[in-house]
Amino acid sequence: MCGIFAYLNYRVPRTRKEIFETLVKGLQRLEYRGYDSAGVAVDGPNSNEKNSSICLVKKRGKVKALDEELYKQDSMDLEAELDTHFGIAHTRWATHGVPSAVNSHPHRSDKNNEFVVIHNGIITNYKELKKYLQTKGYEFESETDTEVIPKLIKYVFDNWKSEYVSFSSLVERVIQQLEGAFALVFKSIHYPGEAIATRRGSPLLIGVRSKFDLSTEEIPITYNNTLPKSDFSEKVYDAAGSQESGASIGTFKHENNENDANRKQRLNSLTCLYSVGDLKAVEYYFASDASAIIEHTNKVIYLEDDDIAAVAEGKLSIHRMNRLAGDDSSRAIQTLQMEMQQIMKGNFKAFMQKEIFEQPESVVNTMRGRVCFENNTVILGGLKDHLKEIKRCRRLIVIGCGTSFHAAVATRQILEELTELPVMVELASDFLDRNTPVFRDDVCFFISQSGETADTLMALRYCKDRGALTVGVTNTVGSSICRETSCGIHINAGPEIGVASTKAYTSQFVAFVMFGLMMSEDRISLQKRRLEIISSLQALPGQIKAVLALDSKIKELADELYKQRSLLVMGRGFNYATCLEGALKIKEITYMHSEGILAGELKHGPLALIDKHMPVIMIIVRDACYTKCQNALQQVIARQGCPIIICSEDDPECMKNAYKTIEIPHTVDCLQGILSVIPLQLMSFHLAVLRGYDVDCPRNLAKSVTVE
């Protein structure tokens, strides 16, 4: 959804123009996440340690418009060289308040820009905080939930009762008052050259780059146990939103002074990460997504919920307010496996098109090292240690949203067949709304491309609290779902930039089929079925290439359909999920109404929509449902429908009755959905291009849905 990017250069001279370019390029790498406005905060002209100022530049629309606005700032000397500087940047996806420059981030504490902040997530108690701060004389200029944060930190700063307070202490006080999900990066004129970042329920990572060696590979976590517990529990408002009569957040004790002094002293201890070169020169990059960092460095630290990362004097420290049982004692520097070329379009018109055509390679990467075609075995290393526990379970629950949910629907039938266990497939939001019973002997799978989907993450915590074994299926190493599940499967599809998921769907599909094969390895009665599936997996990449070769034919069909207002996609059995996923792709990027229909339900309502003007795509392949799908086809034809049929090669029956056909290779029934969804992915792409829409950034949508 929203995108965070920030850049701190410490004793690494950079011109203001170079800093602008770095910030803008970081935002451009995050454009795929979906946004409607953008903004940056940088040091103002003539800023120094004794006289600091902050300049805000915000613009509705694309990052390109913000870039142009930056160079219109006459007061800024673009060639001025800054030895140390911290700049923050943000792309906003509107949740509270319309898209506008005023509502876009960074948000400020006051007209002097004493504190500014960028925020991903939603603050659920912002109304109560806003009401309280208004009673204290603070004026609000935007409609957003975020603006309470800089106003609140300004209020804490103004009411601190000791001579010195560290930047991180202020942030600690603020996040204690916040409810909801957030990733935050703070900048202040009172702390020039310093950065504070924290998160709760929304992803945030820090990249580090230096020409010199770094002081450590793991940053020890420090804890602030010296503060009185009562101070931490105070709220600025009661349940009704009114001011408390007793101590408020503005009443602070001098014990904090000692704590801040200790923290300042710790900057020179072994608890910090810093460059060991003579000048201590180092650069830090803060981002909500690794794709914004990879061109600068592959060394990153993933923050956990309630971590507070502080950079002062070029040294990075991480601390938490309280230590809980099971907490890791450090945060390790990890090496990103992503390559720059993976997040570039190459010769393709759009990332979505590139990712569709990458599927022969992405399914191979999903299977690589896991499926041995010589001895017909499947081993998923991430589940190996928990396999006995999974086999003893009472049922499997697979939870996801959108395309990930469709991947679960697509593989439910084969999972039930191979595991001989009941399989529940749940939409994460509905699962939570129902307070679904979950038991200790359940195994719950959480499927998400990004590993950060808010509803899926909340469902994970719900199941974890009830003692179920939790399994993550994600495409992002280091994501929240990866870290919080007991075990998991990484689908290895490679970075997916386009908002409409394509290769992640087919890789998730293959991952669940592999799980079913691993579970059934010792079932004698299923060996013939297993061998058929494994053999088909080996042939799958070549068959995907054969389907992609139909691109020009599918474009011709799109030329006929792009002016239509509605499109129905119909199938059943293993291909019902293909209908749902194909219809979703068409909705997402073409803005046409599209509906995936179970062919068996045709007579129970959808048949009323069929006439000679209604475009219908039917999926009819040679499997157990072939005869039933032929019956549905006859019903469509009888109502003067003109069906476009996705069918198996050399199927004269379908060719005879179809208006047009898309012939795809035949494979085992449980994998046919991978081949049949690709024509629909291509169809949606061509329809969107013909209708003149941005394929990679559809309106109102975001790649990673990190709020409910």
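Visitor: How do α17 and α21 sit relative to one another, by distance and angle?
Guide: In this predicted model, the axes of helix α17 (residues 551–561) and helix α21 (residues 672–690) come within 9 Å and cross at roughly 50°. That angle makes α17 oblique to α21.

Visitor: Is the crossing of α17 and α21 left-handed or right-handed?
Guide: The crossing of these two helices is right-handed.

Visitor: Which residues meet there?
Guide: On the α17 side they are D551, I554, K555, L557, A558, D559 and L561. Their counterparts in α21 are P679, L682, M683, H686, L687 and L690.

Visitor: How many of them are nonpolar, polar and charged?
Guide: The contact of α17 with α21 has 9 nonpolar residues, 1 polar and 3 charged.

Visitor: Switching to the core. How many residues are in the largest nonpolar one?
Guide: The largest nonpolar core has 91 residues. Those with the most contacts inside it are L396, F445, F515 and I533.

Visitor: Which helix gives the most to this core?
Guide: Helix α15 (residues 503–519), with 12 residues.

Visitor: And I533, what does that touch?
Guide: Not counting residues up to four places away in sequence, I533 touches I414, L418, V513, L517, V668, C670 and L671.

Visitor: Next, E653. Where does it lie?
Guide: E653 is in helix α20, which covers residues 652–657. Its relative accessibility is 35%, so E653 counts as partly exposed.

Visitor: What is E653 in contact with, leaving aside its neighbours within four places in sequence?
Guide: E653 is in contact with Y626 and Q630 on that basis.

Visitor: How far apart are E653 and Q630, in sequence and in space?
Guide: E653 and Q630 are 23 residues apart in sequence, and their C-alpha atoms are 8.7 Å apart in space.

Visitor: One more residue, K64. Which helix is that in?
Guide: K64 is in helix α2, residues 63–70.

Visitor: Does K64 count as buried or exposed?
Guide: K64 counts as exposed, because its relative accessibility is 60% and the cut-off for exposed is over 50%.

Visitor: How far is K64 from Q28?
Guide: K64 and Q28 are 8.4 Å apart, C-alpha to C-alpha, with a separation of 36 residues in sequence.

Conventions. Residues numbered from 1 in each chain as written. Predicted model: local features only at pLDDT ≥ 70, side-chain atom pairs only at ≥ 80, totals over all residues. Heavy atoms only, no water. Axes fitted to C-alpha atoms, helices over the stretch in contact; angles between N-to-C directions. Helix = DSSP H or I, 4+ residues; strand = E, 2+ residues; numbered from the N terminus. Parallel < 35°, antiparallel > 145°, perpendicular 65-115°, else oblique. Left-handed = near helix turned anticlockwise from the far one by under 90°. Contact = heavy atoms within 4.5 Å. Nonpolar A, V, L, I, M, F, W, Y, C, P; charged D, E, K, R; others polar. Buried < 20%, exposed > 50% of the residue type's maximum accessible area, 1.4 Å probe, protein only. Core = buried A, V, L, I, M, F, W, Y, C linked by side-chain atoms within 4.5 Å.
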